[in-house]
Amino acid sequence: MKQVAILISARGSNMEALCRASRAPDAAYHVCRVISNRPEAEGLNWANTNGFESLAVDHKQFPNKASFEEKLHAELIACGAEYVCLAGFMRLLSAEFVQSWRGRLLNIHPSLLPSFAGLTPQQRALDAGVRLSGCTVHFVSEIMDAGPIIAQTVVPVLKDDTEDTISGRILRAEHQTYWPALSAVCKGQVSWDNGERATVSEQLDTSLHGCLDL
Ligand code: GRF
């Protein structure tokens, strides 16, 4: 069973979905710690009250990014984390941090990457008039939202969608996408050896990608 730490900044609904899945009898991972860079993050309360070890590492208490990341790294090592999941973690991590967790650091983004990387992807998808959107789980690389893709789920964009309705639909897809992707990585079925693409074992290739059943 692999040890996984989850980094959040606010609501933490993806963290919650990852934590719930970790309680399945056949789970491939154990959540060893939830860490937020914002002490007031709602997700920390959920983790606390549901028996998951949690901790705030407030970036504002550190003089610079390097010292914040040093503490973060030390806390990840202290809890025995082998993999780290970013789940609505709103701090950009340095190239040094990312390199030290290469292939073991995952993120989820609410668009079908490489489309709509960065902030407000749902609104930009609406503005662009795309008919399909979704979410992507990927390994984190030095370039934001650009690391090798592990899993994607597609959702339709409906005629009357607002940013709220499309975001909600994508979020439901996120909750169904992150834990299977993480599980596959923990089982050694997905890896990032070199280059720009992840290697996914053949049987898994289709099961990690799908459409949200509405
Ligand atoms: C999600 O849409 C995730 O894809 C993005 O930030 C949002 C976090 O939501 N990176 P939550 O905190 O997991 O509810």
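Predicted model: local features only at pLDDT ≥ 70, side-chain atom pairs only at ≥ 80, totals over all residues.
**Entry 1: serine 36**

I began with serine 36. I placed it in strand β2, which spans residues 29-36. Is serine 36 buried or exposed? Its relative accessibility is 0%, so I logged serine 36 as buried. Next I looked for a polar partner of its side chain. A polar atom of the serine 36 side chain sits 2.7 Å from the backbone oxygen of arginine 38. I then listed its contacts, leaving out residues up to four places away in sequence. Serine 36 touches Ile8, Ser9, Ala41, Leu44, Leu55, Ala56 and Val57.

**Entry 2: salt bridges**

How many salt bridges does the structure hold? I noted eight. I looked up three of these pairs in turn.

I took glutamate 16 and arginine 20 to start. Their closest N and O atoms are 2.7 Å apart. Both residues belong to helix α1, residues 13-21. They are four residues apart there, so about one helical turn separates glutamate 16 from arginine 20. I checked accessibility on both sides of the pair. Glutamate 16 is partly exposed, at 23% relative accessible area. Arginine 20 is exposed, at 51%. The cut-off for exposed is over 50%, so I file arginine 20 under exposed at its 51%.

Then I turned to helix α3, residues 65-78, which holds both lysine 71 and glutamate 75. These two are also four residues apart, about one turn of the helix. Their side chains form a salt bridge with an N to O distance of 2.7 Å. Glutamate 75 has 13% relative accessibility and counts as buried. Lysine 71 is partly exposed, at 34% relative accessible area.

The remaining pair I looked up was lysine 159 with aspartate 160. Their side chains meet in a salt bridge at 3.9 Å, N to O. The cut-off is within 4 Å, so I kept the 3.9 Å pair. Both lysine 159 and aspartate 160 are exposed.

**Entry 3: nonpolar cores**

I moved on to the nonpolar side chains. In soluble globular proteins, such side chains tend to be buried together. The largest nonpolar core here has 37 residues. Ile6, Val34, Leu106, Ile150 and Val190 have the most contacts inside it. Which helix gives this core its largest share? I found helix α6, residues 163-186, with six residues. Where does the core lie relative to the domains? Domain 1 (1-101) and domain 2 (107-214) both contribute residues, so the core lies between them.

Isoleucine 6 is in contact with Met15, Leu18, Cys19, Val31, Arg33, Val34, Ile35, Cys85 and Ala87. Another core, of 19 residues, lies apart from the largest one. Its members include Phe89, Leu93, Leu105 and Val140.

**Entry 4: cysteines**

How many disulfides does the structure hold? I recorded zero. Cysteine 85 has 0% relative accessibility and counts as buried. Cysteine 135 is buried too, at 0%.

How values were computed
Residues numbered from 1 in each chain as written. Heavy atoms only, no water. Buried < 20%, exposed > 50% of the residue type's maximum accessible area, 1.4 Å probe, protein only. Polar contact = N/O pair within 3.5 Å; in protein donor to acceptor, adjacent residues only side chain to side chain. Contact = heavy atoms within 4.5 Å. Core = buried A, V, L, I, M, F, W, Y, C linked by side-chain atoms within 4.5 Å. Domains from an automatic or database assignment. Disulfide = S-S within 2.5 Å.
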